[in-house]
Amino acid sequence: MKFPFLRSAIASVVLLSLAGVSASAAYAADKTVVVTAIVEHPALDAVRDGVKDELKASGYEAGKNLKFEYQSAQGNNATASQIARKYAGSQPDVAVAIATPSAQALVAATKTVPIVYAAVTDPVAAKLVKSWDASGTNVTGVSDMSPLAKQIDLIRQVAPKAKRIGVIYSPGEANSVSIVESLKKLLAGTDLTLVEAAAARTIDVPSATQSLIGKADVIYAPTDNNVMSAFEGIVKVAEQAKLPIVAADTGAVKRGAAAAIGLNYYDLGRQTGKIVVRILKGEAAGKIASQTSTTFELYVNPKAAQRQGLTLSPELIKSAKVVEQ
């Protein structure tokens, strides 16, 4: 006697079983990338988005064959350490750390999980790696080292009469301290002097800006996470005091800086994403040398400049990649 329905049922079970094996194999092939940032602001958010888009462009898509998790420490170093320990324990394929405090927390938490830092100005000074060469450890990444000489030139163009440059920075952030020290060296022997205004916390940034009134002729806003998080507070004080702002983050121009020359942080995220992809494909993080970005863009905001007491030259405006209206 033949049992066509039984054969059909058995075949269905076999097919379902094979499908289950196939699904399990596909799941096993999935990758996990975790991302953490010390705080959320436009530049760091752009890095995160750039990483995610580069992963997708390379065939790793969240929700399909990639588990992508993001957490912000909301500006709190203790929280950054908690996130780092959590990520280290979950053993992801790659951990991406955006900005120095988050990178330092991750490096302290694990010596085995591949770490790719991003938007860290000086990874050597931050003790993430011993040199710019391949580390031989589990750490590599992309620096957002500021083109300080170009930014000093921009200050001269924006405010030709300025002699005193006020810089607001976080004394507890290694990158910010490194920037201030580099600025001192650059300005040594010139007709420009540096006036420091330390802001240990985000809430200290407006008062640090206030302290520059009467002491500085122009404000320089570096790629400092506290500074960028509270940038609107700087703008408010600067406009009242008629102090022009030149920034290292081009995203600050839309938020009220007169001008900025710096990196495109989304592009830096894409560059970081390329390293992540290399690791996902089997390359060791310790064999990939730390990188920097060499593409810099000039943004200007003529209306913001006027509110800060000066007029940008037509030549400067014409040379800008972006003119905010």
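This is a working chat about the predicted model shown above.

Reader: What kind of model is this, and what cut-offs apply?
Author: It is a predicted model: local features need pLDDT of at least 70, side-chain atom pairs count only at pLDDT 80 or more, and totals for chains, interfaces and linings use all residues. Residues are numbered from 1 along each chain as its sequence is written, and side-chain values use heavy atoms, with hydrogens and water left out.

Reader: How many helices and strands are in the protein chain?
Author: The protein chain has 13 helices and 13 strands. Both are DSSP runs numbered from the N terminus: helices are H or I with at least four residues, strands are E with at least two.

Reader: What box do the C-alpha atoms fill?
Author: Roughly 100 × 40 × 30 Å, taken along the principal axes.

Reader: And how much of the chain counts as buried?
Author: 50% of the 325 residues. Buried means under 20% relative accessible area, exposed means over 50%, and partly exposed is in between (1.4 Å probe, protein chains only).

Reader: What about Thr110?
Author: Thr110 lies in the loop between α4 and β4 (115-120). Its relative accessibility is 6%, so Thr110 counts as buried.

Reader: Which backbone nitrogens does its side chain reach?
Author: The Thr110 side chain reaches the backbone nitrogen of Thr112 at 3.1 Å. It also reaches the backbone nitrogen of Val113, at 3.1 Å. A polar contact is a pair of N or O atoms within 3.5 Å; within protein, one must be able to donate a hydrogen and the other to accept it, and residues adjacent in sequence count only if both atoms are side-chain atoms.

Reader: Backbone angles now. Which residues other than glycine have positive phi?
Author: Gln91 is one, with phi of about 50°. Gln91 is in the loop between α3 (77-90) and β3 (94-98). Ala119 is another, with phi near 60°. Ala119 lies in strand β4. Ala119 is buried because its relative accessible area is 7%.

Reader: How many cavities turn up?
Author: The whole structure has 1 cavity of 30 Å³ or more. The largest cavity has a volume of about 100 Å³. Of the 16 residues lining it, Leu44, Ala119, Asp144, Thr223 and Asn225 are closest to its centre. The elements giving two or more residues to that lining are α2 and α8.

Reader: How are cavities, pockets and volumes defined?
Author: Work on a 1 Å grid over the protein atoms alone. A cavity is a set of points where a 1.4 Å probe fits but cannot get out; a pocket is an open set with protein on both sides within 12 Å along at least five of seven lines; lining residues have an atom within 4 Å of a point. Grid points are joined across faces, edges and corners, and a volume is the space filled by probe spheres set on the points.

Reader: What is the volume of the largest pocket, and what lines it?
Author: About 260 Å³. The lining has 16 residues, with Gly75, Asn77, Glu173, Ala200 and Asn226 nearest the centre. α8 (225-229) and α4 each supply at least two residues. α8 gives the most, with 3 residues.

Reader: How does that lining split by class?
Author: 5 nonpolar, 9 polar and 2 charged. Ala, Val, Leu, Ile, Met, Phe, Trp, Tyr, Cys and Pro count as nonpolar, Asp, Glu, Lys and Arg as charged, and the others, Gly among them, as polar.

Reader: And the second largest pocket?
Author: About 170 Å³. Of its 13 lining residues, Asp249, Thr250, Gly251, Tyr265 and Tyr299 are closest to the centre. The largest share, 3 residues, comes from α2. By class the lining has 7 nonpolar, 3 polar and 3 charged residues.

Reader: Last topic. What lies over the face of Tyr70?
Author: Arg48, at 4.7 Å from the ring centre. A charge sits over a ring if NZ of Lys or CZ of Arg is within 6 Å of the ring centre and within 35 degrees of the ring normal.
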